[in-house]
Each structure stands twice: as structure tokens, then as C-alpha cells.
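User: Please walk me through this protein model. I want the overall build and the salt bridges.

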Amino acid sequence: CGANGCQGKGVICDDGDACTADVCDASAPGGACKSTQQPGAACDDGDACTGQDLCGSSGKCEGKPQVCDDGNACTADSCSNAAGGCVAQLLPGYSNDFSVGTQGLALQSNNAQVTWQIDGKRSASPTKSLYIGNIQPLLGTYSYNFGLTVATATLPSVLVPKGVAKATLKLQVFFDSGEAGGCTGVSDRIAVALGAQVLGQVCGDTTGFVLLEADLTSQAGNAIAPIITFFANPFQNNGEGAWIDDVELSWTCAP
């Protein structure tokens, strides 16, 4: 009781649901709380991957899926609740210095005497490379003088992002063929190709490792699996074989 008679505190009605309007119904016995749905009211569904959350006709808070796009062609954009929203991840290319193996390369040879092997005799970067030829460990000899050979090392399929400024496959090649250079006729060679299209090749002896480079910019937006091919003619082959190292498929993004 107060100075003005009997007074009571107002009942606070809140059911914790942003999609209802809560009031106290004085006409109800005891002044019970009453909740009424309010479609279209702003709310928060607690999902970081939705936006523009509004109360729906069902009485539930509903949001529109978040569209994640950072405008960078070299990233894959997605939404993660754990990360609290949009996440941009750089699309990977392919890189292998053969220090930990072949890393997904599919290796084949039509000649059982001339095969791909991880080797440490020569490398462009420490301490291993991929050799094609024949090794006799007890004699310490290297050779590929075993007739016609076609051997391939196929990269795993890689998606070249759409809109890249430039995409390139690079590798270092050391070729001891015992032949003069020149990619004519049936000269021995290391080539890079997409399907039947040869994009670059090294023929004959090299002085140390040399760069073999293929432009793949035209493949933007495509999944590709470039092929590195070793070809040896069926004639006398007096060299030790070939080593490849530092294989890298990479790109730069358009500004």
C-alpha cells in the first residue's frame, strides 16, 4: 500500500522469442502474459552464414543464405559458421621438388628397362629429383640405351581459376642424351603437353638444369592434367637419361 492506495509492479512479459510481441492481458485471470506472432519483424537466427533475418509466417526466424565473393578469381569463397562468416581460400596449383616423393604424379613407361625413379645424383634444388632411365646401383651407372621409350609423368588434375592473368607450368630439366640439341625428326626429348598439343620441349644435351616453361593461360576456368613426356628413339642412346625437378603449376590473378 502506498500513499495513493494499493499499488502493484507491472508484469514484465518476455518469452525470449524475437518473433513474438509479448503483452500482459489484464483481462485474463491473474493478468497472464500473452504472445502474438509478428511476421516480418527483425530477428537473429544465430547463423553467421545467413543475413537479412526476418520472422517468417511459421513464427521462426529465417535468414537468406550469405553470398560470399571477395572478387578475387584466385580464391574459393565459402561461408563457415566456425569462422564467423565468409572465408576465402587460395586455389592451389601444383608444386613438387621431389624431396618427399612423387606427390600424385601418375608415372608410366612402355619400357620396363627405362622407368621413373626418385634420385639424388642431380637436382636443381636439394636434394632429390625425378629421373627417367635405368640405374645399376652396384655399378653406379645410369643409362637409357634400351630401345624405343615413351614414358609419361601426368600431373594431378588442377582447376585453373577463371579470370587469371597468367597460368604457367615450369620445370627444371637436365638431359644427358649424348646427342646434339635440336627438336627435329625423332630426336630424344622431354616435352610438356596437354593431350596431343605439345606446349614446350627440351631436346638433346643440356648444360646443367634448364627451365622448360609452358603457357597455360588459355586454360583459365578448366581442370587440366598436363603431361610430361620422355621420348627416346630406338637407335643408339649413349647418354645417362634425364632428370626433372621443381615442377610448378601456378598463376597470377588479374588485378
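The questions below go from overall build to single residue pairs.

User: What kind of model is this, and how are residues numbered?

Analyst: Residues are numbered from 1 along each chain as its sequence is written, and side-chain values use heavy atoms, with hydrogens and water left out. Local features need pLDDT of at least 70, side-chain atom pairs count only at pLDDT 80 or more, and totals for chains, interfaces and linings use all residues, for the model is predicted.

User: How many helices and strands does the protein have?

Analyst: Both are DSSP runs: at least four residues for helices (H or I), at least two for strands (E), numbered from the N terminus. The count is zero helices and 20 strands.

User: What is the radius of gyration of the protein?

Analyst: The radius is taken over C-alpha atoms, and the globule rule is 2.2 Å times the number of residues to the power 0.38. A compact globule of 255 residues would come out near 18 Å. Along the principal axes, the C-alpha atoms fill a box of roughly 120 × 40 × 30 Å. The protein's radius of gyration is 34 Å.

User: What share of the contacts with a separation of 6 or more joins residues 24 or more positions apart?

Analyst: A contact means heavy atoms within 4.5 Å. Of the contacts with a separation of 6 or more, the share from residues 24 or more positions apart is 60%.

User: Why does the Lys121 pair tie together separate parts, and how many residues apart are they in sequence?

Analyst: Lys121 sits in the loop between strand E9 (115-119) and strand E10 (129-136). Glu240 sits in the loop between strand E19 (227-232) and strand E20 (241-253), so the pair ties together parts separated in sequence by 119 residues.

User: Is Glu240 buried or exposed?

Analyst: Buried means under 20% relative accessible area, exposed over 50%, partly exposed in between (1.4 Å probe, protein chains only). Lys121, at 38%, is partly exposed. Glu240 has 19% relative accessibility and counts as buried.

User: Which residue forms a salt bridge with Asp215?

Analyst: Asp215 lies in strand E17 (residues 210-215), and its partner lies 49 residues away in strand E14 (residues 164-176). Asp215 is partly exposed at 46%. The closest N and O atoms are 3.4 Å apart, and the partner is Lys166.

Conventions
Salt bridge = Lys/Arg side-chain N within 4 Å of Asp/Glu carboxyl O.
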